[in-house]
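Visitor: Hi! Could you walk me through this structure?
Guide: Happy to, let's bring it up.

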Amino acid sequence: METDVGISEYIGHDVPKIEGIIKQRFTDFLVYEVDLDSQVIHLKSLDMPASSKKGVDTAATGDPAVAESAQNPTEPASSAVDQSSEQPVTMGPVAETSEEAATAEEEAPKEDEPWPERFTKALEPFLSEAVIGRVKELYIEGPEPPLTLVSDSGWAGRQAKVATGGEDSAESSVAAPPVQAEEPEPRGKGKRGRDRGRGGRGGRGGRGGGRGGRPGAREDNRKVLSDPIASKETRTGLHQVIRDLFAGKLETETDTTAPASDDGSRIAIKWSRRGGGGGRGRGRGGGRGERGGRAEGEGRGGERGGYPPYIHFTLQKTNRDTQDALVNLSRTLHCNVKDLSVAGTKDKRGVTVQRVSLRRGNKTVEDVWKMANGFNGRRTMEEVLTQRGERGVRVADFNYRKASLELGMLKGNAFVITLRNVRVDSMDTLDRAMTIIKTKGFINYYGMQRFGTACIPTHTIGLALLKGDWHRAVSLILRPRPGEHPDVVAARNAWLVDKDLDRALDIMPRRVVAERCILESYKKQNGDTRNAMGALSTIPRNLRLMYIHAYQSYVWNAIVSERIRMHGPEKPVVGDLVFDESSAKAEAGDVDVDAIEPTEGEGILEDSVTNEDTAKESGRSGKRSRKAWEPPRVKTLAEEDLDKYSIFDVIMPLPGKDVDFPGGALGERYKEFLRRDGLDPNNFVRKQKDYTLGGSYRKILHLPKELSWTVMKYTDPDVPLAQSDEDKLLGFPPPASVEDGRFLALQINLQLGTAAYATMALREVTKTETSSHYQTTLTQASEDQKYRTSDGVEEERAE
C-alpha cells in the first residue's frame, strides 16, 4: 500500500476521484528518454546503416564531425536518409538497394571489413571452407569471450525456450559446436551464480585480468580445430600463416585433446593469451582498459576502419527490464555485456526507447545492425523491415561516437500514458484535475517502484542495514514472498525449510541476485550462517545501496506528507528549506541521488543492478567525471524571506550527515521519526563505509515540463490506443478513438525530470493506488474485459 511507504496526500484534495487503470497494456505506457540536449529519443528508421568512406577519413583525422547529430523527435523517419549525406560520419539509415549496396562494397577499403577477402584466400590452402567460416566467426567475436549468462524472464521466457529448443539457438548463429564457448561451471558451486548473476562480475579484464592476467580470471576456452593434417610441412605453413595474417592476435597449437591418427594431427586456432596487443588491458603492463592498454585496436592504426571506438544506437524494448535486454543483446552481438551501457535503466512494464552505447571492437555499424536484427541467415531483409523485433527488442539509428554513455547522462523522460476504463462525474472534473497538475504540479513522492514489488518493502531491509542488524536483513531478503515464480519458491523452501543449501542454489534463478549471493556465501562457509555481515557484503554494492536509498525515500515521503498536512501545498512557510542562491548547481539537481538511480520510466529496484557495477569492473567510471561532491548551501526561511520564494523552491532533505533539517516543529518531527526507527538523527556515520549516509535534497513538488491530454473512446480492451515507434515505422494501422465506444480512456502526454515519477502524477488524477499488484487487480475486475476479442493488433497484455 502507498501509505506503507509514506505516500498519503494530494494537492487537488477537493477534486473528486477519477477512476482509471494504469498499464493495462504495454503500449498504455510509452517512455522516451530525453537526452542531455533535451531531445526526445525516438526510433527514426529501421533501415540498415552504412559506413561511408568519407567518414573513415574524417574520423581518422579527429574531425569534430564525428559527434552524433541531435535527434529530432518531430522529424519523419525518411528524412534520416537525407541527413546521412550531410553528416558523413553520423550513420543515417540507408535503404538497401542492390545498386547502392554494390557501390558501397566497391568503395569500402578491404581492410575496413571485419574479415578481408585476403584472409580467406590465405587460409584456403590449409583449411576447408567450413573451418575457415568458424575461424572467421571466432575472429569477429573478438578477444573477449561472450558471456553465457541467461536471464530468466519468468513463465513467458521459459515457454519460449522450450518452444524454440533453447534461447541461444534462436538468438545466435555463432553457437556452432566446433567453436567452443566458455565451459559452464557445475551448478551449485557458487561461483557461476555469484559472478554471472550479478550482471557479469566474472571475467573482468583490467589490471592483468582476462587471459594471462591475475589468477581466477575468466578464461577463454574458445578454439577452432582444423581437419586432420598429415603433412608436417602443411602444418608448419598453417602455423606461419595464422601468425603472419593476424599479427599475433590469433595463435595455433597442435591439438592434444584427441589421440593422433593416420590422417594426421589437428591444429587448434584460438585468441592469443597475450590479448593481441589490444582489448581491455590484459596483463599488468596494459593497465585498465582504455587508460593503460588502449582501446581495442589502438597501436595497430586505431579502431578498425579508423572509426571512433563506440557505436551508439536506439533501443526499443517491450516488457523487458533493461539488464535483461542488454544481456540478450550481448549474446546476439557476440560481445561482453559490460561493453554495453545506457544513461538510465527503464521500466519493464511498458514500451521504452533509449540510447545504448557499444564498445565496438572490430564491428562496424553494418555488422551490429545485421546481428541485432537477425540478418545473418535467420531472417530475411523483408522480415526485418516488416516484422517486429525478436523477443521484444528492436535496435536502430546507429552512430559512431568517441565515448560511451554513462549513468545519469539524460535530462529525464517523456511519456505517453493511457488510462483505460476512466470513470468521472463530468468532463469538467477531469479538466480540473489535469489543470491542477499542469499549473500546481504534484507531490514529488518517490513512487512504488522505489520500494520493490514484493510484499516485503525494501526500505525495511535498508533500515536493518543502517541499524547493523545483519541477521534481520538476511532474514528479510530470504523470506518467502507471495506470487513468486515457482522456482524461486522451491529454492527458498529448500533452504529455509529443508536446509538443503546445494539444492537451493541449484534451483534459484540467477536473476534473483541478493538471495543467491547470500546462499553462495553460506556455501563457502560450509553452511555456517553466523557471518551475516560478510554474506551481505557479497551482494553487489549497487543493490545494497538501493536498500539504503529505499529507506531514505520512505523517510522523505513520510516527512513531506507531514509537511503538506501541517502547512498545505500552496506556499512556503517559516522553517522551510530552499537552496541558497549561490548554490545554483544544487538546484539543477546535482545533489539528488536519483541522477544515478531508477525513476519513473526506469527499472524497479531489483532490476537495476546494471551499469554502475559493471562499469567499474570493466575499468570505466560508473558516473561522469566531476569534482568531488560538496553539500549545497541551503537556507532556512524566515518571515522576511517568504515573498522571495515559491512552493516550487521548497526542498526536503533525505536523511544523512551532510544535510540540514527543516526549522521549527517540522524539523523536530523529522528527528523524532528517525528516533522511533532506532536511528540517531545526528549520527549517520557507520563503521561500514557503504552504509554511511551523506544525504541529499529533493524538491517537494514537481511541475511537468510539458503536459497535454486527450479523451478517447473504445470498446475492445485488446485494441491499442497508442502506438510504439516500431509499429509506426512498420506501417501498422494507427490507433484511433471509436466514436460509439462503450468506454472512456484518457491519454496523457507529459515530460518529467530525472527525479520524478509519472505514476505519482497519475495518482493526483485517479486518487487510486498505483502499485502494479493493485492495478492488475483493477484490470481483471474491469467491465471492459467482457468485450475482449482476439482481433487486437497488439500481441501482448500487461497483466
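**Rings, charges and strands**

Guide: Tyr307 is buried, and Tyr400 is buried too; buried means under 20% relative accessible area, exposed over 50% and partly exposed in between, with a 1.4 Å probe and protein chains only. This is a predicted model, where local features need pLDDT of at least 70, side-chain atom pairs count only at pLDDT 80 or more, and totals for chains, interfaces and linings use all residues. Residues are numbered from 1 along each chain as its sequence is written, and side-chain values use heavy atoms, leaving out hydrogens and water.

Visitor: How many aromatic pairs are there?
Guide: The count is 20 aromatic pairs. Rings of Phe, Tyr and Trp (its six-membered ring) pair if their centres lie within 6.5 Å; planes under 30 degrees apart count as stacked, over 60 as edge-to-face and the rest as tilted.

Visitor: Why is the pair of Tyr307 and Tyr400 called stacked?
Guide: Because the ring centres of Tyr307 and Tyr400 are 4.2 Å apart and the planes are at 5°. Tyr307 is in the loop between helix H10 (289-292) and strand E6 (310-318), while Tyr400 is in strand E9 (residues 393-401), so the pair ties together parts 93 residues apart in sequence. Helices (H or I, at least four residues) and strands (E, at least two) are DSSP runs, numbered from the N terminus.

Visitor: And Tyr714 with Phe743, why is that pair tilted?
Guide: Their ring centres are 5.7 Å apart with the planes at 40°, so the pair is tilted. Tyr714 belongs to strand E17 (residues 706-714) and Phe743 to strand E18 (residues 743-753), so this pair links distant parts of the chain, 29 residues apart.

Visitor: Are those two buried or exposed?
Guide: Tyr714 is buried at 2% relative accessible area, and Phe743 counts as buried at 6%.

Visitor: Which residues form a ring cluster?
Guide: Ring pairs join Trp115, Phe119, Tyr139, Phe246 and Trp271 into a cluster.

Visitor: New topic: what lies over the face of Tyr10?
Guide: Arg763 does, at 4.0 Å from the ring centre. The charged end of Lys767 also sits over the ring of Tyr10, 5.5 Å from its centre. The rule asks for NZ of Lys or CZ of Arg within 6 Å of the ring centre and within 35 degrees of the ring normal.

Visitor: How many residues of strand E10 are buried?
Guide: Eleven of the twelve residues in E10 (residues 412-423) are buried.

Visitor: How many bridges join E10 to E18?
Guide: Eight, and the two strands run antiparallel, with Val416 opposite Asn749 in E18. Two strands pair if DSSP finds at least two bridges between them. Strand E2 (residues 29-34) also pairs with E10 in the antiparallel sense, over six bridges.
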